[in-house]
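I opened this notebook to keep track of what I looked up, entry by entry.

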Amino acid sequence: MEDGSLLILAIETSCDDTCAAVVTTGGRILSNVVSSQDRFHERYGGVVPEVASRHHLELVNAVVDDALQTAGIELRDAGLVAATSRPGLIGALLVGLSTAKALAAAARLPFTAVDHLHGHVAANFLEPEPLEPPFLCLIASGGHTLLASVEDHGGYTLLGSTRDDAAGEALDKAARMMGLGYPGGAELDRLARGGDPAAFDFPVGMRRGDSLDFSFSGLKTALVYKVRELGEAATLARRSDLAASFERAVVDSLLLKVEQALDSTGATRLAIGGGVAANSLLRREVADLCEEKGLELKIPPPALCTDNAAMIASAARFLEPVPYPGFLAFDAFARSAA
Ligand code: KG4
Ligand code: ZN
């Protein structure tokens, strides 16, 4: 590269999106390709791990080729290969990790294994408007919900995470109960705009206490009972109110812990990521909170909030690469090391 930076080829397959990207070590995105498997999982109302692995296997080579072509490079032009090695669906992770290791081995390139959650945090470090640590980061998606204290580029300290369902998972399950498609978070968001958030009094998990953990299973159960009580016709007729009230409870839970974490860490900057960061109520409330408290707020563009490989490349920029052949024995893990 003319500016002296190297090119990183990254692969991400921890859940149901097959992703590859080319990013410079300076943080400039040259390509960021995502092939979504949503339509394959829709009929099951959730991600089926074995189906996800098989589709990753079918798609990964084409997605990598697309990422290289869009960036206008060939594999030998890359200086580093990176892939998500944890946490996620083990079979899905293995496809991306093995592909990345094979590519790195073939081109005798160094390799870096990346934690997916570090990737979500590192989405904030990408050009054109990188956020510098320290900051507080909320990640809320279909697979995870956590609060991280980001003190430097190389990692994060976990302050709290969900004890049961992820925020997006709760929204998706609620959407399913209301007869919406999968994943239903975005549709529920739209439906909620026409509803009354005070129509139903849904519980906010972990309301009491200092813990920065989240819980959404009680809220989900409350909706199951409410839908049962209303019956099919009334549930359908009051879908907007149900959606608005449910969304209100999810956003209140997230904001409650964000505020507690801001107070306990004294952070002056807040970043939000994960698919749920697209939620309009959450965005509005978070923006109001930051304005009220005089905090800097960063929400990466939608393509960098949801799962993608540019964020994995971004995390790899700040980790120690392992030269060939040291990485060949690297394994995938379902759980995060944090
Ligand atoms: O990060 P992501 O694409 O994938 C992972 O789960 O890792 O997040 C997807 C989640 C789904 O649960 C989806 O319903 C939710 O993000 N989502 C939303 C919205 N758009 C996507 N939830 C609420 N409001 C939205 N506008
Ligand atoms: Zn994710």
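Before listing helices I noted that a helix here is a DSSP run (H or I) of at least four residues, numbered from the N terminus. I also noted that the model is a predicted one.

Entry on the surroundings of the ligand. I looked up which helices contribute to the shell around ligand 1, and I found that α5 (167–177) and α6 (185–192) each supply at least two residues of that shell. I then turned to the residues themselves: 17 of them surround ligand 1, and the closest are G142, D172, G185, D189 and D307. When I checked the pockets, I found that the space taken by ligand 1 is the largest pocket.

Entry on contacts with the ligand. I went through N and O atoms on both sides, and for S141 I wrote down a polar side-chain atom lying 3.5 Å from an oxygen atom of ligand 1. For G185 the atom concerned is a backbone N or O, which lies 3.0 Å from an oxygen atom of ligand 1.

Entry on salt bridges. I reminded myself that side chains of opposite charge can pair when their charged atoms come close. The rule I applied asks for a side-chain nitrogen of Lys or Arg within 4 Å of a carboxyl oxygen of Asp or Glu, and the count by this rule comes to 13 salt bridges.

I followed D165 next, whose side chain meets that of K173 in a salt bridge at 3.5 Å, N to O. Which residues are linked with this pair in a network of salt bridges? I found that the network links D165, E169, K173 and K220. D165 counts as buried because its relative accessibility is 8%, under the 20% limit, whereas K173, at 29%, counts as partly exposed.

I looked up two further pairs. R238 forms a salt bridge with D241, with the closest N and O atoms 3.3 Å apart; R238 is partly exposed at 32% relative accessible area, while D241 is buried at 19%. R76 pairs with E74 in a salt bridge, the closest N and O atoms being 3.2 Å apart. Here R76 is exposed, with a relative accessible area of 65%, and E74 is partly exposed at 44%.

Conventions:
Residues are numbered from 1 along each chain as its sequence is written. Chains are lettered from A and ligands numbered from 1 in the order in which they are written. This is a predicted model: local features need pLDDT of at least 70, side-chain atom pairs count only at pLDDT 80 or more; totals for chains, interfaces and linings use all residues. Side-chain values use heavy atoms; hydrogens and water are left out. Buried means under 20% relative accessible area, exposed over 50%, partly exposed in between (1.4 Å probe, protein chains only). A residue is near a molecule or strand if one of its heavy atoms lies within 4 Å of it. A polar contact is a pair of N or O atoms within 3.5 Å; within protein, one must be able to donate a hydrogen and the other to accept it, and residues adjacent in sequence count only if both atoms are side-chain atoms. On a 1 Å grid over the protein atoms alone, a cavity is a set of points where a 1.4 Å probe fits but cannot get out, and a pocket is an open set with protein on both sides within 12 Å along at least five of seven lines; lining residues have an atom within 4 Å of a point. A molecule sits in a cavity or pocket if more than half of its atoms lie within 2 Å of its grid points.
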